[in-house]
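Subject: Structure for you to look at

Hi,

Here is the structure I promised to pass on. Have a look at it first, and then read my notes below.

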Amino acid sequence: MGEKIPTVEEKSGEEVRYRMLYDSNGRVYTRKISGFYQKIRRYTGLPLIIGFLLMPWFTIDGRPAMLFDLPERKFHILWMTFWPQDGMLLAWLLIIAAFALFTVTVLVGRVWCGFTCPQTVWTLMFIWAEHFCEGDRNKMIKLDKQGWNLEKVLRKGGKHGLWILIAFITGVTFVGYFTPIRELLLGFVPSVDASGFVGFNIHPAAAFWTLFFAFMTYLNAGWMREQVCKYMCPYARFQSVMYDTDTLAVHYDAARGEHRGPRKAQEDYRAAGKGDCIDCSWCVQVCPVDIDIRDGLQYECINCGLCIDACDQVMDKMNYDKGLIRFTSEDQLENGATHFLRPRLFGYSLAVLGMIAAFAYTVGTRQPVSVDVIRDRGARLYRVSNDVVQNVYTVKINNMDRRAHSYNITVEGEHGEDFRIRGYRALELEEGEIFTLPVRVSVPRDQLQTSKNTIYMTVTAKDDSSITAREEASFIGPTK
Ligand code: SF4
Ligand code: SF4
């Protein structure tokens, strides 16, 4: 708690707010609300949370379904294992995700922020814990105003206890994507050794990162909330570049709502020059980022639709048509029509579909073996014996498959020369094993047309000829 600042509502004697982190207007006491958009938020957030929590516990072929094994430099994602050399795929995935986000933003504004962003989903959970322990908005305000007593200690303690529990589960789960989660969790269970010393069987780095992510979750979803969206998220800042007049976003229909103001039950408010807005401020009270949508489109708005649910309830009570606040476009409000088919949207969609197709093709045809061929710099450039020229190479084979394979190595020249591999015996490589071996390549001298020739070395699994990788190298011979 800190310095008390005045608010609009305080002037009418209803509310006290306190200045908190950054340039906040004070603690946001959100009103509980139900409705269509709140339900959608629940149905989009819940599968994401469940998926996030359960994924590290699933195993496929005896290993976690999702494990970013940094010490081993392997990323297990479902049935596939990715290696550092697949980094390009990851880069493409991020680019696709960015373009998909641009496309969705052009079409329906910041729905990602309002419905699926982890900051939003976790804040939703923390707000649920807050309402559960402290009650709805008015009770929270009352509790903050009253002095410390047993009830306040229990309610506040319960809330922070729940927050810490959620934050700890989040920290464990997040780090569980990088280290086996069962061992990680057991590491936090204290054990007593023979001398009676209580300790934890956990690697200090794992413990540090778990507690770090737990603390960041507690801070972001518990204390900073809308400050993250307003001041820290870069997406909030550049979204305006993607908006156009046909982007669907949460708007207040000022033509219908103004002039706003309270009215008596049977009053002919239109005759009195009033619009449908009764100025109840419910739309502000439910807003998680603490803005008034009636002031127009603002960069803080995350398009969550809670103000729509709140206002629709008010409209229902007043027997007015719903939709004073609704998802619509500036064009619709001003000219009566939204243009969905527009070049920018078409361009983004085409780019995303093209990239997804290319990505799927690359992943689908990705070979679970790689080969590197390096001319052996330690050996002589070439050796000639009985009119046969020989070069030595260092060949590195990486078995990226999930089972062991033995590999054949073949070599061919650019012009059909009779290149041959010498002294290579097929070795079995375990899954994930990298093996480096020297390989000699020879060719009859009279078949070489120049001193520098191109050869192609191919590595093929003996038990599955579709698993193959090819690498180009140069073969040096004597000048003619
Ligand atoms: S103004 Fe409405 S849609 Fe925007 S963040 Fe606030 S409640 Fe959500
Ligand atoms: S909830 Fe609706 S009626 Fe109430 S202040 Fe907001 S816009 Fe006006």
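Which helices do the buried residues of α2 pack against? They pack against α4 (111–116), α5 (118–134) and α14 (306–318). Before I go further, please keep in mind that this is a predicted model.

**Helix α2 and R41**

Helix α2 covers residues 36–54, so to speak a run of 19 residues. From its first C-alpha to its last it reaches 27 Å, close to the 27 Å expected at 1.5 Å a residue. Its buried residues are Y37, R41 and G45.

R41 is worth a click. This arginine sits in helix α2 and counts as buried because 21 other C-beta atoms lie within 10 Å. If you leave aside the neighbours within four places in sequence, R41 is in contact with F115, L124 and C304. C304 is 263 residues away from R41 in sequence, yet the two are 7.8 Å apart in space, C-alpha to C-alpha.

**The two ligands**

C304 turns up again at ligand 1, where the closest residues are C287, I293, C301, C304 and C307. In total, 14 residues surround ligand 1. By class, that shell has 12 nonpolar and 2 polar residues, with no charged ones.

Ligand 2 has 16 residues around it, and the closest are C277, C280, W282, C283 and C311. The elements giving two or more residues to this shell are α13 (282–285) and α14. Helix α14 provides the largest share, 3 residues.

**The sheets**

There is an open sheet of 3 strands in the order β5-β6-β7, with antiparallel pairing. β5 (66–69) and β7 (80–82) each have a single partner strand, so one side of each is left without a neighbour in the sheet. On average, neighbouring strands here are turned by 15° against each other, direction ignored. Strand β6 (residues 74–77) is joined to β7 by 3 bridges, and F75 has F82 in β7 as its bridge partner.

Another open sheet has 4 strands, ordered β17-β15-β19-β20, again with antiparallel pairing. Its edge strands are β17 (428–429) and β20 (464–476), each pairing on one side only. Strands β15 (residues 405–413) and β19 (residues 452–461) run antiparallel and share 7 bridges. One of the pairs to look up is G413 with its bridge partner I455 in β19.

Then there is strand β10 (residues 249–252), which pairs with strand β11 (residues 325–328) in the antiparallel sense over 4 bridges. Y252 stands opposite I325 in β11. In a regular strand the side chains alternate between the two faces of the sheet. Are the faces of β10 covered or open? Both are covered: A249 and H251 are buried on one side, and V250 and Y252 are buried on the other.

**Backbone spots to check**

- E258 and H259 are joined by a cis peptide bond, with omega about -5°. H259 is in the loop between α12 (254–257) and α13.
- D290 has a positive phi, near 60°, and is not a glycine.
- N386 lies in the loop between β13 and β14 and is exposed, with 6 other C-beta atoms within 10 Å.

D387 is in that loop too, between β13 (383–385) and β14 (388–399). With 8 C-beta neighbours inside 10 Å, D387 counts as exposed. Beyond its neighbours within four places in sequence, D387 is in contact with P444 and R445. D387 and T362 are 25 residues apart in sequence, but 44 Å apart in space, C-alpha to C-alpha.

Cheers

Notes. Residues are numbered from 1 along each chain as its sequence is written. Chains are lettered from A and ligands numbered from 1 in the order in which they are written. This is a predicted model: local features need pLDDT of at least 70, side-chain atom pairs count only at pLDDT 80 or more; totals for chains, interfaces and linings use all residues. A residue is near a molecule or strand if its C-beta atom, placed from the backbone, lies within 6 Å of it. Ala, Val, Leu, Ile, Met, Phe, Trp, Tyr, Cys and Pro count as nonpolar, Asp, Glu, Lys and Arg as charged, and the others, Gly among them, as polar. The expected span of a helix is 1.5 Å times one less than its number of residues. A residue is buried if 20 or more other C-beta atoms lie within 10 Å of its own, exposed if 12 or fewer, and partly exposed in between; C-beta atoms are placed from the backbone. Two residues are in contact if their C-beta atoms, placed from the backbone, lie within 7 Å. Two strands pair if DSSP finds at least two bridges between them. Axes are lines fitted to C-alpha atoms, for helices over the stretch in contact, and angles run from 0 to 180 degrees between N-to-C directions.
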